[in-house]
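Biologist: I have the structure open next to the sequence. Can we go through it piece by piece?

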Amino acid sequence: MNRETYTYSTRMPVPVDQAFDWHERTGAFERLTPPWVTMDVLERHGLGITDGVTLKMRINYGPIHTTWTVRHKDYVKNKQFVDYQIEGPMAFYEQRHGFAAESNTSSVLEDTVIFQLPAGMAGELVANMVVHEEFTRLFQYRHQIVQDDLRCANRYKGEKAMKIAVAGASGFVGSALIPFFTTQGHEVRRLVRPNSHHKGVEIGETANWDPDKNEIDEAALEGCDAVVNLAGDNIGTGRWDDEKKRRMQSSRINSTKLLCNRMRQMKNPPKVLVNASAIGYYGDRPGETMTEQSSHGKGYLADLCQDWENAAKSAEQMGVRTVFGRIGVVLSPAGGALQKMLMPFQMGAGGPIGSGEQQFSWIALDDLLGAILHCLASDSLSGPVNFTAPNPVSNGEYSRALGKVLQRPAFMPMPAFAARMAFGQFADECLLSSTRVIPEKLQQTNYEFRYPQLEGALRHVLGRREG
């Protein structure tokens, strides 16, 4: 089989040294891993992208499950670095990350891959075409991430670098938030439970805590400028029986109280706390549009969110600027609702739930990360802040958009009774409830959404560009 060459280049909105520096920061590799790929770092020898640094990964890419070991070489500051395969699925693989100055304010990032498929693979021409298509999907995503992250860094470049403690660091959002913070130039301290598995374990410092036992390292928050608390049992797994509800409640309330109690004991506590909450605070409100000024709703989830926020109010009382981040439905195939919906939609069996008229307030994962950083950097923001996109849709509109992006039919509805049989109370409070939420405070403080429209957000997170 012959070796093939693939090249993809994009203009970056910063000087070449800034584009190169972003790639040298801890977390850049994790940040560039697309959400439709499951990747675990098994071994890492060395840090950064200089010659000899080696990375061994376990990768699940659709039906492909493989171990891949790559090593860096040919490092030239502000010009290039090269990855090459030591062991993996390709007969040969080498990727050059090239950087070139375009002007004092812009540069070009060019990725060039030379590869050879395994010997004996049938249909070489077709196989190479498929690989080229997947490379395009991959590098479109990666270059968009770099562009947008560099714009974000410029937007907040007047702010000093922060040291940020993150609770819930190994969860769906936390594992994405940490490399976002570090590539933006901030330091991270992860609060982790003893003897538990954590994604991105190489990134940042660690401190032990155990909210169930009301235990936290005395120095866990020392020297930190900010705290982000994302800890909480996943509401989307398992039926809401009494034990599940106990875990949902205790995991949120205990963790929040523990953090606030620790801050109360500190001579110099962090200046800001972003404490997760959810738009479930507003309850089922068909026909209404909610902002941060809207009242608390009815239902178990609404009460849980209110209790969660109340637990964080003690931080406010001690002078810590406190944000209650009311999170909408987060879009990413790496977790959350979209991950659960993908399979039936990919099989052509997706469609609206119930009437499909209930409002669906969503946010792209990258905008959730950006909104959290925006709240940390914006002294004017406190109290409830809606973490949703500015354009909510109905469940039916969401289903049609997802079907369009996946190029699959989306007309197989799930009747309300079937949703209740399958998911119990979760169906009534999450799948069938109508909650139309507008992020008024983010808009008033000029947060720039990367993905304000649903179709664009879905195309980005699923790697499904038009054309």
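Modeller: One term before we start: a residue counts as exposed over 50% relative accessible area, as buried under 20%, and as partly exposed in between. Also, this is a predicted model.

Biologist: Fine. Take Gln407 then, buried or exposed?
Modeller: Gln407 has a relative accessibility of 70%, so it counts as exposed.

Biologist: Where is Gln407?
Modeller: In the loop that runs between α9 and α10, the latter being residues 416-423. Gln407 also has a positive phi, about 60°, although it is not a glycine.

Biologist: Which way do β10 and β11 run relative to each other?
Modeller: Antiparallel, with two bridges joining β10 (residues 205-210) to β11. Asp210 stands opposite Glu215 of β11.

Biologist: What sheet does that pair belong to, and what is the strand order?
Modeller: An open sheet of eight strands, in the order β11-β10-β9-β8-β12-β13-β14-β18, with mixed pairing.

Biologist: Which strands are at the edges?
Modeller: β11 (215-216) and β18 (383-387). Each has a single partner strand, so one side of each has no neighbour in the sheet.

Biologist: Which strands does α6 lie across?
Modeller: Helix α6, residues 300-317, lies across β13 (272-278), β14 (321-327) and β18. α6 runs at about 170° to β13.

Biologist: And α8, which strands does that one touch?
Modeller: α8 packs on the sheet and touches β8 (163-167), β12 (226-229), β13, β14 and β18. The direction of α8 makes about 155° with that of β18.

Biologist: How many residues of α8 are buried?
Modeller: 13 of its 13 residues, and the helix is mostly covered. α8 covers residues 365-377 and reaches 19 Å from its first C-alpha to its last, close to the 18 Å expected at 1.5 Å a residue.

Biologist: Back to α6. At what angle do α5 and α6 pack?
Modeller: About 10°, with the axes 8 Å apart; α5 is residues 242-264. The two helices are therefore roughly parallel to each other.

Biologist: Which residues make that contact?
Modeller: From α5, they include Met248, Arg252, Ile253, Thr256 and Cys260. From α6, they include Leu304, Asp307, Trp308, Ala311 and Ala315. The residues of the contact of α5 with α6 divide into 10 nonpolar, three polar and five charged.

Biologist: How do α1 and α3 cross?
Modeller: At roughly 105°, with the axes of α1 (residues 16-24) and α3 (residues 124-155) coming within 11 Å. α1 and α3 are therefore roughly perpendicular to each other. The contact is made by Gln18, Ala19, Trp22 and His23 of α1 and by Ile145, Val146, Asp149, Leu150 and Asn154 of α3. The contact of α1 with α3 has five nonpolar residues, three polar and one charged.

Biologist: Thr69 is in β4. What does Thr69 contact?
Modeller: Leaving aside neighbours within four places in sequence, Thr69 is in contact with Thr54, Leu55, Lys56, Tyr84, Gln85, Ile86 and Glu87. Thr69 is buried, with a relative accessible area of 10%.

Biologist: Last one, Lys404. What does that touch?
Modeller: Glu455 and Arg459, not counting residues up to four places away in sequence. Lys404 lies in α9, residues 395-406, and is partly exposed at a relative accessible area of 47%. The C-alpha atoms of Lys404 and Leu458 are separated by 9.9 Å, with the two residues 54 apart along the chain.

Notes:
Residues are numbered from 1 along each chain as its sequence is written. This is a predicted model: local features need pLDDT of at least 70, side-chain atom pairs count only at pLDDT 80 or more; totals for chains, interfaces and linings use all residues. Side-chain values use heavy atoms; hydrogens and water are left out. Axes are lines fitted to C-alpha atoms, for helices over the stretch in contact, and angles run from 0 to 180 degrees between N-to-C directions. Helices (H or I, at least four residues) and strands (E, at least two) are DSSP runs, numbered from the N terminus. Angles under 35 degrees count as roughly parallel, over 145 as roughly antiparallel, 65 to 115 as roughly perpendicular and the rest as oblique. Contact means heavy atoms within 4.5 Å. Ala, Val, Leu, Ile, Met, Phe, Trp, Tyr, Cys and Pro count as nonpolar, Asp, Glu, Lys and Arg as charged, and the others, Gly among them, as polar. The expected span of a helix is 1.5 Å times one less than its number of residues. Buried means under 20% relative accessible area, exposed over 50%, partly exposed in between (1.4 Å probe, protein chains only). Two strands pair if DSSP finds at least two bridges between them.
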